[in-house]
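Keep the viewer open as you read, and look up each residue as it comes along.

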Amino acid sequence: MSSPKSLLIRHARIILPNGELMIGDVLTRDRQIVEVAPTISQAIVTTEIDAQGLTLLPGVIDPQVHFREPGLEYKEDLFTASCACAKGGVTSFLEMPNTRPLTTTQLALDDKLQRASNKCLVNYGFFIGATAENLPDLLLANPTPGIKIFMGSMHGQLLVDGEATLEAIFANGNRLIAVHAEDQARINQRRQEFAGIHDPAVHSQIQDNQAALLATQLALKLSQKYQRRLHILHMSTAEEAELLRQDKPSWVTAEVTPQHLLLNTSAYEKIGTLAQMNPPLRSPHDNEVLWQALRDGVLDFIATDHAPHTLEEKTQEYPNSPSGMPGVETSLALMLTAAMEGRCTVSQVVNWMSKNVAVAYGIPNKGAIAPGYDADLVLVDLNTYRPVRREELLTKCGWSPFEGWNLTGWAVTTIVGGEVVYDKGQLNTQVRGQALTFSS
């Protein structure tokens, strides 16, 4: 008799943990990979996939998303977001605390975990958000990938911009701290300087490179003082990348978004407020320095910062338009298209979108195609190009800043825990992911 849940993928182009390519088969059973070989002889399996001509990658782990549930489900919810993840080849995500209520207590964290267990087609984890008053929660909340600090671009309880308050968080405990590094005082000052201007391009001048650099310098200073594990979210500037290149402690990691690699301030002319995000889009020079830092290992991995808003909200006049854009459906195809253009290799994309994320957050058995690893996988087609079409998107907000871009590497089949959750445009909404665990 076969296992209740066994899957055999045949004839795939498999990206192995060492980055090499092998044409072969992968057998999974009970949520795990049990064999990877040129040929697997298996008489009976529950499901068999002929992957001839397709490339098999570890499922993407997106380590920074905003899925809006609870409290803002009209923009996105955990079910629609996880459907979009499955379509994009994202098999796990780490979600941020700026929901309503905020995820700043164990009770709020437990509520999200319960919601996700009922709704999510992919695996999930949730950050605990720092405030000026919740240090005990930050030390004890579990399970969580880490503490999220908004040093800027935030208001209300989640804005933590006073150095004394920041220092108290860095000085206590050893849990990973992930920072949104923008200097709120500089943003406030420049907001006054540019008041009354409705061109969304001014957003990149208000929240300028210096605002990002000042906050990253402070976070690094505190991290070095206490040797505290630090992760710098969505790094956007050449200055920050060069700062890290000069002095990056072994316990510090940093990420970059596809937007900050592939879009720049010229996007405001083309798509207006749809290009508005925090931290903002930068110059072509910043794009190139970030690319080089990523290739050199100064930046460690990719995150989307998936932050959906409705088109009605986004088309308001700046500065009433909210910052943020969706990304989980397009991130893998964007990066694989870049690989096909020679900007990087497919194995580098695997490292940046799967392996390095699992290592940084201490997520066990994720990010590689090898026996003993979880059967979170994605089959992609690197031979076919297809444009990003608004009407095909599964994110509830229904738009993309990359609409019309012609991409390759789209997910054909996405597998979560050994079960096919997405296949050739069809979702299996009966599949459920699991809560991730962390040793970071």
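Which helix gives the largest share of the lining of the second largest pocket, and how many residues does that share hold? The helix is α10, residues 267–271, and its share is 3 residues. Please keep in mind throughout that this is a predicted model.

## The second largest pocket

Let's stay with this pocket for a moment. Its volume is about 190 Å³. The lining is made up of 13 residues, and those closest to the centre of the second largest pocket are Leu-263, Ala-267, Lys-270, Pro-401 and Trp-405. Sorted by class, the lining of the second largest pocket has 7 nonpolar, 3 polar and 3 charged residues.

Phe-402 counts as buried, at 2% relative accessibility, whereas Trp-405 is partly exposed, with a relative accessible area of 31%.

## The largest pocket

Now move to the largest pocket, which holds about 1,000 Å³ of space. Its lining has 44 residues, and nearest the centre of the largest pocket lie Ser-153, Met-154, His-155, Asn-278 and Ser-323. The elements giving two or more residues to this lining are β10 (147–150), α5 (184–193) and α6 (203–206). By class, the lining of the largest pocket divides into 16 nonpolar, 21 polar and 7 charged residues.

While you are looking at this part of the sequence, find Lys-148 and Phe-150. Lys-148 lies over the face of Phe-150, at 3.8 Å from the ring centre.

## Enclosed cavities

The model also has 5 cavities of 30 Å³ or more. The largest cavity contains about 70 Å³ of space. Which helix gives the most to the lining of the largest cavity? That is α14, residues 346–361, with 4 residues.

Among the residues that line the largest cavity are Ile-15, Leu-16 and Pro-17, along with Pro-58, Ser-347, Val-350, Asn-351, Lys-355 and Ile-369. In terms of class, the lining of the largest cavity has 7 nonpolar residues, 4 polar and 1 charged.

## A helix wrapped by its surroundings

The buried residues of α1 include Leu-78, Cys-83, Cys-85 and Lys-87.

At the start of α1, a side-chain oxygen of Asp-77 comes within 2.9 Å of the backbone nitrogen of Phe-79. Just after α1, Gly-89 adopts a positive phi of about 85 degrees.

## Aromatic pairs

How many aromatic pairs does the model have? The count is 7 aromatic pairs. One of them joins Phe-93 and Phe-126: the ring centres are 6.1 Å apart and the planes stand at 75 degrees, so the pair is edge-to-face. Phe-93 belongs to strand β7 (residues 90–95) and Phe-126 to strand β8 (residues 123–126), so the pair ties together parts that are 33 residues apart in sequence.

Both Phe-93 and Phe-126 are buried. They also belong to one aromatic cluster, formed by Phe-67, Phe-93, Tyr-124 and Phe-126.

Asp-374 sits in the loop between α14 and β15 (377–381). With a relative accessible area of 18%, Asp-374 is buried. The side chain of Asp-374 makes a polar contact of 3.0 Å with the side chain of Lys-366.

Is Asn-209 buried or exposed? Asn-209 counts as buried, at 17% relative accessibility. You will find Asn-209 in helix α7, which covers residues 209–226.

Terms used
Residues are numbered from 1 along each chain as its sequence is written. This is a predicted model: local features need pLDDT of at least 70, side-chain atom pairs count only at pLDDT 80 or more; totals for chains, interfaces and linings use all residues. Side-chain values use heavy atoms; hydrogens and water are left out. On a 1 Å grid over the protein atoms alone, a cavity is a set of points where a 1.4 Å probe fits but cannot get out, and a pocket is an open set with protein on both sides within 12 Å along at least five of seven lines; lining residues have an atom within 4 Å of a point. Grid points are joined across faces, edges and corners, and a volume is the space filled by probe spheres set on the points. Ala, Val, Leu, Ile, Met, Phe, Trp, Tyr, Cys and Pro count as nonpolar, Asp, Glu, Lys and Arg as charged, and the others, Gly among them, as polar. Buried means under 20% relative accessible area, exposed over 50%, partly exposed in between (1.4 Å probe, protein chains only). A polar contact is a pair of N or O atoms within 3.5 Å; within protein, one must be able to donate a hydrogen and the other to accept it, and residues adjacent in sequence count only if both atoms are side-chain atoms. Rings of Phe, Tyr and Trp (its six-membered ring) pair if their centres lie within 6.5 Å; planes under 30 degrees apart count as stacked, over 60 as edge-to-face and the rest as tilted. A charge sits over a ring if NZ of Lys or CZ of Arg is within 6 Å of the ring centre and within 35 degrees of the ring normal.
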